[in-house]
Amino acid sequence: MTEKKPNRPRTPRALTRESILHMDDDLLVIDKPAFVLSQDVPDRPEALTVQGMVTELMHALGEPAEVHLVHRLDEETTGALLLARNVETKKALEKLFHSHDLERIYHALVQGRPHPQRGTMTGRLSTKGDRVEVVRHGGERAITHYALVATLPAFSVVACKLETGKRNQIRAQFADRGNVLVGDRKYFWRGKLEGVRRCLLHATAISLKHPRTGEMLTVVAPFPADMRKLLGEELAEELLPR
């Protein structure tokens, strides 16, 4: 079955100062927009990337332009993306990700009502072409904790906490359970909601011990406009971590 490509809106050409959720001498957390790759892809040399956009923003702000990706968000996913501002911090953050000593919270809009309403999805994922599938043997271990946090007539809202961070992990695991993410045409979403042009997955918060100071840091990314419109402003505000 051929994947239906999203009807992409005009993509922002630059990040702004308001795109920065947190910045200090070591860490940078940006609010990643949709339809921007985290890093360069060989067969898409003209695509916008976080690396390039952040470098431009740092230049515009008169800040050192050195930044290092330590994790990725899917092209259509929005929200909190953590970068290191020096090599020492990059190495420290890579250790945190490897040992799972940080917390990442996502919110997803899904078809139907997940059952049970909260739990842990534990399985194995394998890449099949451009998609990731849940498999019984082989693949890589993937663990996602989730909870149903709101139900609306056309979809449900789930909060997810990643224990592992595999490619398309949340998308593939919910699709396997019959709760495809709203707008996720790669995993055969066939619904119709006005204004839905992408997979509605948002990296809402990231919490970690600062690698230099040792203090706990939590950064929250507000929901983007397309999700706020579907959720309503009151619910969108209520769902954000405090």
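Guide: A residue counts as buried when its relative accessible area is under 20%, and as exposed when that area is over 50%; please keep in mind that this is a predicted model.

Visitor: With that cut-off in hand, which residues of H2 are buried?

Guide: In helix H2, which runs over residues 87-99, the buried residues are Thr89, Leu93, Leu96 and Phe97. Seen down the axis of H2, these residues fall within an arc of 95°, so they line one face of the helix.

Visitor: Which exposed residues does the face of H2 turned away from the buried side carry?

Guide: That face carries Glu88, Lys91, Lys95 and His98, which are exposed, while the buried residues of H2 are covered by elements that include strand S2 (27-32), strand S4 (78-84), strand S5 (102-110) and strand S10 (201-209).

Visitor: Turning to a strand, is Ser156 buried or exposed?

Guide: Ser156, which lies in strand S9 (residues 156-162), is buried, with a relative accessible area of 0%. Its side chain makes a polar contact with the side chain of Arg113 at 2.9 Å. Leaving aside neighbours within four places in sequence, the residues in contact with Ser156 include Ala108, Leu109, Val110, Gly112, Pro114 and Leu148, as well as Arg113.

Methods. Residues are numbered from 1 along each chain as its sequence is written. This is a predicted model: local features need pLDDT of at least 70, side-chain atom pairs count only at pLDDT 80 or more; totals for chains, interfaces and linings use all residues. Side-chain values use heavy atoms; hydrogens and water are left out. Helices (H or I, at least four residues) and strands (E, at least two) are DSSP runs, numbered from the N terminus. The expected span of a helix is 1.5 Å times one less than its number of residues. Buried means under 20% relative accessible area, exposed over 50%, partly exposed in between (1.4 Å probe, protein chains only). The arc is that of the directions from the helix axis to the C-beta atoms. Contact means heavy atoms within 4.5 Å. A polar contact is a pair of N or O atoms within 3.5 Å; within protein, one must be able to donate a hydrogen and the other to accept it, and residues adjacent in sequence count only if both atoms are side-chain atoms.
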